[in-house]
Amino acid sequence: MTVLEAAPQVGGKLRLAEVGGVQVDVGAEAMLNRRPEATGLARELGLDLVHPGTLSSRLWTRDALRPLPRSVMGVPADLEQLAASGVLSDHGVARARAEQVIALEGDDVSVADFVARRLGVEVVDRLVEPLLGGVYAGHATELSARATIPQVVALLERSLSLLEAARATPTPSDVPVFAGLVGGVGRLPLELVAAGGFEVRTSTTVRALRRVEGPEQTRFEVLVGPTTHPELIAADEVVLAIPATPAARLLGDLAPNAASALAEIDYASMAIVTLAFRAADLVGLEGSGFLVPPVDGRRIKAATFSFNKWDWVREAGGGLLVLRTSIGRHHEEASLQFADDELVAQSLADLALATGISARPVDSLVQRWGGGLPQYTVGHLDRVSRIRAAVAQVPGLAVCGAAYDGIGIPAVISSAERAVARLLHPDTP
Ligand SMILES: Cc1cc2nc3c(=O)[nH]c(=O)nc-3n(C[C@H](O)[C@H](O)[C@H](O)COP(=O)(O)OP(=O)(O)OC[C@H]3O[C@@H](n4cnc5c(N)ncnc54)[C@H](O)[C@@H]3O)c2cc1C
């Protein structure tokens, strides 16, 4: 098996970099612990899992850092706690209390439609949006309820009242929600490659893919290399583990229906700004960080106090404490059209407003993720079915990655396992 990777390094959105001499994640930094795929792979590789020291995240909204009320992906589980948090205006709380009980729609609708009709716009703006922003960098008015908040849609199967079903949802067990790796989850792909069993060619962009009839069997030809030195690689089977946009380009002739459905999947760009401070300059920063609802009009959409969240980050820092902010949502590419220094300055300005900390960092790093996060817009599940059906028409071909069944690391690994299973056993759904 050969992995052809366009970038100079493996890992995609899992990436490590040094800030202030401390090696940290500058892409994904946590793996959901309540699904087995990512933690299972880490264990198979002999890696020790660690869990966040704190998960108490807050919301920076209505000019204060406020406790994140208990919710099922933004649907309040405790209205009294919500009211006390000050996250919603009195009017917003009253509107949520006066829930409109509406039966489950047959068709997919947007997250905003789904939640606002039942609980009011403020629940969407100040509770659901920041949570969605953290995961998809997308907008509730466009994202699919069925694809992005299935746990909320499923509440209606338990009670016609979203509030009642959210209230009855058991408080999470003691099993930690997230897991990480000492040294960062960016180690996962590196360790996988080091474990061997397959060849990796980095800086090798696949430019075209076609099927050719041979005397004995039909094979794929994969075109790589610059136009001046093209190289054709023969393959019996191909898994496209790349984002939807390049996948659409490669499948134009081979699976045109898949290509057109893939081309419908849009991407959000964002940047992670990592900052290293002297420990003495960050006294009093508590919790794992905060989320920012877009309606508050701030530059940053979240801050993660990595040194509080992960013991290993604190220990690796020696006298330095590392934290990060994220900037950029879907359709807001203009918010990234600044030099790195300016994105750092914007992050510091927002951090100062939110926390009162106005120290200068000793080092910073801006990692841009252009087209980093696929948008599961209304109709996504149907779109993915169309893609899979069209790809299934091409024997020996499979697709996987964040564009399909979930953008988190475990979901992506699961989609890769499914792709391989389909090649080994073509009757796999
Ligand atoms: C900033 C950020 C933070 C995140 N945080 C978390 C988190 O904490 N936890 C979590 O679970 N998820 C997180 N995610 C989501 C998760 O990291 C990604 O959805 C997931 O890693 C994507 O994996 P993938 O393999 O589908 O795509 P990618 O990681 O994008 O990998 C695709 C690879 O394909 C290569 N490629 C593209 N085109 C070609 C071509 N033509 N030829 C050859 N190679 C090609 C690319 O170079 C890339 O390496 C985060 C995402 C981002 C952007």
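Guide: Let's start with a term: a polar contact is a pair of N or O atoms within 3.5 Å; within protein, one must be able to donate a hydrogen and the other to accept it, and residues adjacent in sequence count only if both atoms are side-chain atoms. Also, this is a predicted model, where local features need pLDDT of at least 70, side-chain atom pairs count only at pLDDT 80 or more, and totals for chains, interfaces and linings use all residues. Residues are numbered from 1 along each chain as its sequence is written, and side-chain values use heavy atoms, leaving out hydrogens and water.

Visitor: Great. Which polar backbone atom is 2.9 Å from a nitrogen atom of the ligand?

Guide: That one belongs to Val-206. A ligand nitrogen also sits 3.0 Å from a polar backbone atom of Ala-6.

Visitor: And what about an oxygen atom of the ligand?

Guide: An oxygen lies 2.6 Å from a polar backbone atom of Ile-407. The protein buries 83% of the 1,000 Å² that the ligand exposes when taken alone (Shrake-Rupley method, 1.4 Å probe; for residues, only the protein chains shown count as cover).

Visitor: How many residues surround the ligand?

Guide: There are 28, with Glu-5, Lys-13, Ala-30, Ala-402 and Ile-407 the closest; a residue counts if one of its heavy atoms lies within 4 Å.

Visitor: Switching to helices: at what angle do H1 and H16 pack?

Guide: About 80 degrees, with the axes 7 Å apart. Axes are lines fitted to C-alpha atoms over the stretch in contact, and angles run from 0 to 180 degrees between N-to-C directions. Helices are DSSP runs (H or I, at least four residues), numbered from the N terminus.

Visitor: So what do we call that arrangement?

Guide: H1 is roughly perpendicular to H16, a label for angles of 65 to 115 degrees.

How values were computed: Helices (H or I, at least four residues) and strands (E, at least two) are DSSP runs, numbered from the N terminus. Angles under 35 degrees count as roughly parallel, over 145 as roughly antiparallel, 65 to 115 as roughly perpendicular and the rest as oblique.
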